[in-house]
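Visitor: I'd like a close look at one part here, the place where the two chains meet. Could you walk me through that contact in one go?

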There are 2 protein chains.
Amino acid sequence: MPLETAPSALAPGQVIARGAARHLASLGFACVEEIVPTRGLRLDILALGPKGELWVVECKSSRADFTSDGKWHHYLEWGDRFFWAVGADFPTELLPEASGLIVADGYGGEILRMPEETRLAGARRAAVTRRFAQHAARRLQALRDPGARLGEL
Amino acid sequence: MPLETAPSALAPGQVIARGAARHLASLGFACVEEIVPTRGLRLDILALGPKGELWVVECKSSRADFTSDGKWHHYLEWGDRFFWAVGADFPTELLPEASGLIVADGYGGEILRMPEETRLAGARRAAVTRRFAQHAARRLQALRDPGARLGEL
């Protein structure tokens, strides 16, 4: 078991991701971080709910972090709901109003705005859930058995 | 990153599981170990293939380990194929001929007999895949963030 990582040892976006993931876990969601669902696109958090819901969370630590992201529209298609997760000092008026909003720090977070749901079609839900499962299991196996050659994670 | 665990530090069944999981990874499968798909039942390995295949692998380190297991028929319903994984010295004539057979040690393994496929129905496949995903992601989050209170894993 690794030692607990203090929030101060994480990058600002990772601190927010940790708190957001803790909150999502308290709602019964299982979370993976930094998953690449398709080439060239990385989601900060993909969360799988008790009923199979898929939520995408993008973490932004600052105004510049948000304004420099030209890809965020592409995140929407990987989940049923899309949230921004930001720190308490983030200028939230920048964020599109239709998106969800989570405010988080390194210890926890909460959902301030629940976005509308745009449900994935069945085949796509199955494919994204499978990708989530493979991502999590391969990373877990790499930790359990560092000697295994697992190829690209 | 934890230090590499030498096979000698693992229980005999875990040594076999490690080698079997390494072999399955080389075939493109992502594996979780010791997953509880339903109350009172634990699968040694559940493997998710590149096309969504679900394979169940039960590891047996000795004759006694096999003969004392009264539950193995229940494992069949959690995957499309079922395998025994055993060490090279296991008396394989004990094993049902319709089951798959993997021979493994702490470093790797190979499939000696491929069983017939009994494909899960779609809804069940989705549910088992989701269970696999939640298991792997929760364990991974517990390692990444030991301070999170994740409840029952």
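Guide: Start with the polar contacts: between chain A and chain B, 10 residue pairs are in polar contact, with both partners at pLDDT 80 or more. Keep in mind that this is a predicted model. As for where chain A's side comes from, helix H1 (12-26), strand S1 (30-38) and helix H4 (122-144) of chain A each put in at least two of the residues that touch chain B. H4(A) gives the largest share of that side, 14 residues.

Now the charges. The rule picks up 6 salt bridges across the interface of chain A and chain B. Here's a salt bridge you can find on screen: A:Asp145 with B:Arg18, where the closest N and O atoms sit 3.7 Å apart. That pair makes the salt-bridge list because the cut-off there is 4 Å between a side-chain nitrogen of Lys or Arg and a carboxyl oxygen of Asp or Glu.

On to the overall extent. Chain A brings 38 residues to the contact, and chain B brings 38 residues as well. Between them, chain A and chain B bury an area of about 3,100 Å², and carbon and sulfur atoms give 61% of that. On the chain A side, the residues that lose the most area to chain B are A:Leu140, A:Leu143 and A:Arg144, together 18% of what that side buries.

Note on methods:
Residues numbered from 1 in each chain as written. Chains lettered and ligands numbered in written order. Predicted model: local features only at pLDDT ≥ 70, side-chain atom pairs only at ≥ 80, totals over all residues. Heavy atoms only, no water. Contact = heavy atoms within 4.5 Å. Buried area = accessible area lost by both parts, 1.4 Å probe. Polar contact = N/O pair within 3.5 Å; in protein donor to acceptor, adjacent residues only side chain to side chain. Helix = DSSP H or I, 4+ residues; strand = E, 2+ residues; numbered from the N terminus.
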